[in-house]
Amino acid sequence: GGTAEATQVQAGGRQVVSGTGAYVSGVQLAGWQIVVSGGTAEATQIQSGGIENISAGGTGLKTQIGSYGVQEVFAGGSAAYVTIDGGQEISSGDVVILTAGLQNVNSGGSVEHVIISGIQNVLSGGSVANYSVAAGGTQNVSFGVVLAGGTANLVAGKQNVNGSVTNVSILGGTQEIVVGSAHVSLLSGGEQNIFAGTGTIDDLQSGTQNVNGGAAVSTNVNKA
């Protein structure tokens with residue numbers, strides 16, 4: 001369980017963080033970082049071409065994922081307090097994925113507290129809670145995925161639903177239900193497009209629900 005700080009991992013290089021108490025901080029990553037059981041990587045800056053893999057028992061905190069950097073969260077791995085950002089101000093304690101950055105949440109992987117301005121792919125069996133899709137962001141929810149934990153805000157950008165999402169507040173941007181279902185607690189700006197599956201809106205104050213296929217169920221239209 002050793003520690004390392006302010007390390008530079010160049011293209012072609014590899015850093016493995018493994019074992020109880022293993023801890024690295026402030027890594028400049030252009031190569032490959034592997035975080036496995038017992039390991040923690042904090043404040044890693046993933047540069048273009050860099051890849052961070054978080055596997056079972058590994059933890060990633062306060063990561064900054066730059067353009068064309070990649071973070072993969074695998075089964076049993078976790079990334080907490082996540083911001084997938086577009087290069088704007090970075091909030092303390094967040095994982096940051098800059099414009100063109102990518103986060104894949106794989107089966108069994110878990111991510112919490114996400115602000116998305118890059119691209120987040122939630123694959124079958126992955127888990128995301130307390131998320132917000134901001135300007136320039138895209139969240140792709142795959143078939144078989146159920147996102148039901150904590151708060152969920154679509155402020156701008158786009159959410160593509162092929163699985164199931166619940167308790168989403170749409171304040172701007174676009175939610176597209178390709179298949180599956182979406183439960184929206186509030187639509188106040190932006191739009192929901194239903195192509196197949198079902199969409200439910202508890203409180204439609206402003207914005208638009210477009211039913212192009214599938215069904216709108218229990219939608220309540222109110223004056224803002």
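Guide: Gladly. A residue is called buried under 20% relative accessible area, exposed over 50%, and partly exposed in between, using a 1.4 Å probe and protein chains only. Helices (H or I, at least four residues) and strands (E, at least two) are DSSP runs, numbered from the N terminus. This is a predicted model, in which local features need pLDDT of at least 70 and side-chain atom pairs count only at pLDDT 80 or more, while totals for chains, interfaces and linings use all residues. Residues are numbered from 1 along each chain as its sequence is written, and side-chain values use heavy atoms, with hydrogens and water left out.

Visitor: How many of the seven residues of strand S24 are buried?

Guide: Five of the seven are buried in strand S24 (residues 164–170), so the strand is largely enclosed by the rest of the structure.

Visitor: Which strands are joined to S24 by bridges?

Guide: Two strands pair if DSSP finds at least two bridges between them. S21 and S24 run parallel and share two bridges, with leucine 147 opposite valine 165 in S24. Strand S22 (residues 149–154) is joined to S24 by three bridges, again in parallel; here asparagine 153 stands opposite serine 169. Five bridges link S24 to strand S26 (residues 181–194), also parallel, and valine 168 faces valine 184 in S26.

Visitor: How many salt bridges does the structure hold?

Guide: The general idea is a side-chain nitrogen of Lys or Arg within 4 Å of a carboxyl oxygen of Asp or Glu. The structure holds two of these. In one, lysine 62 and glutamate 42 meet at 3.0 Å, N to O. Lysine 62 lies in the loop between strand S10 (59–61) and strand S11 (64–65) and glutamate 42 in strand S7 (residues 40–42), so the pair ties together parts that are 20 residues apart in sequence.

Visitor: And which side chains meet at 3.7 Å?

Guide: Those of glutamate 176 and lysine 158. Glutamate 176 is buried at 18% relative accessible area, whereas lysine 158 is partly exposed at 30%.

Visitor: Is phenylalanine 143 buried or exposed?

Guide: Phenylalanine 143 is exposed, with a relative accessible area of 67%. This residue sits in the loop between strand S20 (138–141) and strand S21 (146–147).
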